[in-house]
Amino acid sequence: MRVPLIAEPAPAVPPLPDRAPVTTLAAVHTALPPHRYPQDRLTEPIGDLCLAPGADRAVFRRLHASAGVRTRHLALPIERYAALRDFRESNEAWLTAGLDLAERALTTALAQAGLAPADVDLLVCASITGVAAPSLDARLAGRVGLRPDVKRLPVFGLGCVAGAAGIARVHDYLRGHPGGTAVLLTVELCSLTLQKGDDSRANLVAGALFGDGAAALVARAGVTGTGAGAEPAAGPSVVATRSHLHPGTEHLLGWDVGAGGFRVVIDPAVPVLVRRELGAQVRGFLAEHGLDTGDIGAWVCHPGGPKVLDAVTDALALPDDALTPSRRSLAAVGNLSSASVLHILQGFTEAHRPEPGTWGLVLAMGPGFCTELVLLRW
């Protein structure tokens, strides 16, 4: 008689959690260089750098006056830029000033979150205005006391979109690491990429719009802080993210890299693309979560410039004041590339804190041409 085999009992399978760990943005801080200038104080010195002697400056001056910028911070005193001889000297200035700003941004944000550097599990460091190996994050680790086993991810090439994309990628990491702490650090010294003797429209627009700064954002996965100091204040949670590449648009934005370093590419067609593509993209993303643009109470939109902000407003049919935080940031510090959305987000975590339950959307665009969306809720 054949005795049936008795199967071994299956090992107990732990139940799946009701939901993935919640990514909370515990703190964000922007560090700006000490060299602060009114826009009209920069117009003539930048003209001296970019324009030929005796060139008509009427259009150039109107460009500076209409850029939506009142003040900017520069990595160096304005009079020192003429003495930078080549890309090597500009990049060395980026490394020296960038490390100092990065340290200030990172340590202040961690302190605000009630954490110590040793609590950081992942550091994502984005910059498109300089290059170094070892990277900024590696050089920073010993200065601030990060753990030797900290995970590091230096990012180059995302440009202005890196602030929003960085939040999204930090969220991706924390979904798989409950109790973890991740930091997004952005360091952008745009003034050091200005090309001397280049009177191209793109270079002149960059010289009118961009400022310098660094910003750090601390994100936690579903638990309160364990470091010394106060518990972190409740910040917004990341609900969902979306990345989008627009095919055939690689030529619209980025760098033309040559012997002189990073020569900016800004195509006038960028606002046209935003008006044509952004509305359906954002509305489709929000609809997946039962929302539309009228449900968003906090717009954290990268301030690419007045024309881009106008295009976003038109594409999404927003009220005139919806992007006031972005215009306010542009006026106060200029376009900080990847650090800009963090500078704007800092305003929402401090002076202009939304009511609990408010929906927010982080929106940025960059080389690719690409868009990144991050849905938040306070």
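# Reading a predicted model: local detail and overall form

User: What makes contact with Pro-367, if residues up to four places away in sequence are not counted?

Analyst: In this predicted model, Pro-367 touches Gly-157, Leu-158, Gly-159, Cys-160, Leu-253 and Gly-254. For each of them, heavy atoms come within 4.5 Å, and the pairs are therefore called contacts. Gly-157 is 210 residues away from Pro-367 in sequence, yet the two C-alpha atoms are 7.4 Å apart in space.

User: Why is Pro-367 called buried?

Analyst: Its relative accessible area is 18%. Buried means under 20%, so Pro-367 qualifies. The residue is located in the loop between E12 and E13.

User: What is the form of the peptide bond from Ala-133 to Pro-134, cis or trans?

Analyst: The bond is cis, and omega is near 5°. Pro-134 is placed in the loop between strand E4 (122-126) and helix H4 (136-144).

User: How do you know whether Ser-337 is buried or exposed?

Analyst: The relative accessibility of Ser-337 is 3%. The limit for a buried residue is under 20%, and Ser-337 therefore counts as buried. Ser-337 also has a positive phi, about 55°, without being a glycine. Its place is the loop between H9 and helix H10 (340-349).

User: Why is H10 described as mostly covered?

Analyst: Eight of the 10 residues of H10 are buried. They are Ser-340, Val-341, Leu-342, His-343, Ile-344, Leu-345, Gln-346 and Phe-348.

User: Why is Thr-313 called buried?

Analyst: Thr-313, a residue of helix H8, has a relative accessible area of 11%. That value meets the condition of under 20%, so the residue is buried. With neighbours within four places in sequence left aside, Thr-313 is in contact with Leu-318, Pro-319, Leu-323 and Arg-327.

User: How do you know on which side of the cut-off Leu-99 falls, buried or exposed?

Analyst: Leu-99, in helix H3 (residues 87-112), has a relative accessibility of 10%. As buried means under 20%, Leu-99 therefore counts as buried. Beyond residues up to four places away in sequence, Leu-99 touches Trp-94, Leu-136, Arg-139, Leu-140 and Arg-143. Leu-99 and Val-69 are 30 residues apart in sequence, and their C-alpha atoms are 26 Å apart in space.

User: What makes up the secondary structure of the protein chain, and why is the chain called as compact as a globular protein of its length?

Analyst: The protein chain contains 10 helices and 13 strands. Its radius of gyration is 22 Å, close to the 21 Å that the globule rule gives for 378 residues, so the chain is as compact as a globular protein of that length. The C-alpha atoms fill a box of roughly 105 × 45 × 45 Å along the principal axes.

User: What share of the residues count as buried, and what share of the contacts are between residues at least 24 apart?

Analyst: Of the 378 residues, 55% count as buried. Among contacts between residues at least 6 apart in sequence, 80% join residues at least 24 apart. The accessible surface comes to about 16800 Å², and 57% of it belongs to carbon and sulfur atoms.

User: How do you know where the predictor's confidence is under 50?

Analyst: The protein chain averages a pLDDT of 91, and 92% of the residues score at least 70. Over residues 1-18, however, pLDDT stays under 50, and the model has zero contacts beyond four places in sequence for them. Residues 223-233 also have a pLDDT below 50, but this stretch has 22 contacts in the model beyond near neighbours in sequence. Where pLDDT is low, the predicted coordinates should not be read in detail.

Note on methods. Residues are numbered from 1 along each chain as its sequence is written. This is a predicted model: local features need pLDDT of at least 70, side-chain atom pairs count only at pLDDT 80 or more; totals for chains, interfaces and linings use all residues. Side-chain values use heavy atoms; hydrogens and water are left out. Helices (H or I, at least four residues) and strands (E, at least two) are DSSP runs, numbered from the N terminus. The radius of gyration is taken over C-alpha atoms; the globule rule is 2.2 Å times the number of residues to the power 0.38. Buried means under 20% relative accessible area, exposed over 50%, partly exposed in between (1.4 Å probe, protein chains only). Accessible areas come from the Shrake-Rupley method with a 1.4 Å probe; for residues, only the protein chains shown count as cover. pLDDT is the predictor's confidence in each residue, from 0 to 100.
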